[in-house]
Amino acid sequence: MSFMNKAGTKATLVLKPGREKSLLRLHPWVFSGAIAMVKGEPQSGETVAVRASDGRFLAWAACSPSSQIRAKVWSFIEQEVPHEALLRERVKRAVARRGNFPGNVTTNAMRLVHAEADGLPGLIADRYDDVLVVQITSAGAERWRDVLVDALYVASGCRQIYERSDADVRALEGLPARVGSLVGAPPDGPVIIGEHGLKYRVDIVAGQKTGFFLDQRDNRALVGELARDRDVLNCFCYTGGFTLSALHGGARSVMSVDSSGAALELARGNVALNGLEHGLEHGLDTARAEWVDADVFRHLRELRTQGRNFDLIVLDPPKFAPTSKDVERAARGYKDINLNALKLLRPGGLLATFSCSSGVSADLFQKIVAGAGADAEMSCSIVRRFFAAADHPVLLEFPEGEYLKGLLLQRN
Ligand code: SAH
């Protein structure tokens, strides 16, 4: 029998008995293993109806035929058929709901759309001053890209939109990398943003992710508050996020380590941009900053050999476990750096340690760090837990969205 569902497609995914449970709890992903039958031949990004084995409607979703995550949900409501107006409304709402976030007062750089948490799986949009950087990582968002970009243009007011769809996850959805200007001229250099009274140059064309780690905004501010008169070690410093906040907070010294020369160069420039030589009243003292181009795993060992000690250490490594397959290897990596960092900590010293791996839950991360503490034969207390800033919300029904977690530990 040929039929056309309300989304104008012929395709339906029928789940295996019992596999509707996660969708009934509003979890927005359909895994390939849950599917009993595909009716029709859904193309990449096409809207499909998802139904339970008894035929009952569960969701409208975007199909990604080559991905393990075979479909990502647009809506759990049968009447809410995905169409242009719905997606435009979602973008508008995402931008509007950030209007009164506390971060808005202290920064001109903010995540305006955070994928699933804004009802837009596969769409990230970060505003850096007047430039919007868009990242599309799902077949569904790719299918609707023109509508989404136009909606962002209208809702954000940004007149320059640049695409950074070069994340590895695109390959899992069968999508090639895409980068370049979508609206207006490409930026002719780094964009300058402000955050908690500090200025940063952001390289949106060649930088990591969309250029800056906006998710760490609040955590950088807290580390800054803790840094007064301390010797700080900032590992995986990238463009100097935590370095600048520590210097701003009155650190005695900050050693920053990264293996990317380009990131370190930008980081140095960022300290100088806020430096005393610019005549700022509370400028940063470049003489207190030391830069090390090295592999953190090795450098921590080297510092131990040298007998160096610190009062405050930041560990903000890249994603060690992008998916759950890499968890074991990631756990070893986290344990290694945490163990070696703890051994460099003076009594009473603080360790701000992070993981941005979706595959490593907050629970597991705490266990790994506890293991590192035990091996270091060191008792530590959790003083604070870290999360991503409010413009990176987490859906209650989608805990995998909580990728960034961290602990502030104090050596007892
Ligand atoms: N804390 C930063 C973001 C860190 S991003 C901020 O607030 O902006 C992770 C950084 O780790 C990147 O700059 C990357 O170049 C660096 N990196 C990755 N592997 C590394 C390694 N083994 N040793 C040193 N740096 C590494």
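Modeller: Strand β1 (residues 12–15) and strand β4 (residues 47–51) run parallel and are joined by three bridges, where strands are DSSP runs of E with at least two residues, and helices are runs of H or I with at least four, all numbered from the N terminus. This is a predicted model, in which local features need pLDDT of at least 70, side-chain atom pairs count only at pLDDT 80 or more, and totals for chains, interfaces and linings use all residues. Residues are numbered from 1 along each chain as its sequence is written, and side-chain values use heavy atoms, with hydrogens and water left out.

Within this pair of strands, V14 has R51 of β4 as its bridge partner. Both strands belong to an open sheet of six, with mixed pairing and the order β2-β6-β5-β4-β1-β3; two strands count as paired if DSSP finds at least two bridges between them. The edge strands, each pairing on one side only, are β2 (29–31) and β3 (35–39). From one strand to the next the twist averages 35°, an angle between N-to-C directions of axes fitted to C-alpha atoms, on a scale from 0 to 180 degrees.

Although L26 is not a glycine, its phi is positive, at about 70°. L26 counts as partly exposed because its relative accessibility is 38%, which falls between buried (under 20% relative accessible area) and exposed (over 50%), with a 1.4 Å probe and protein chains only.
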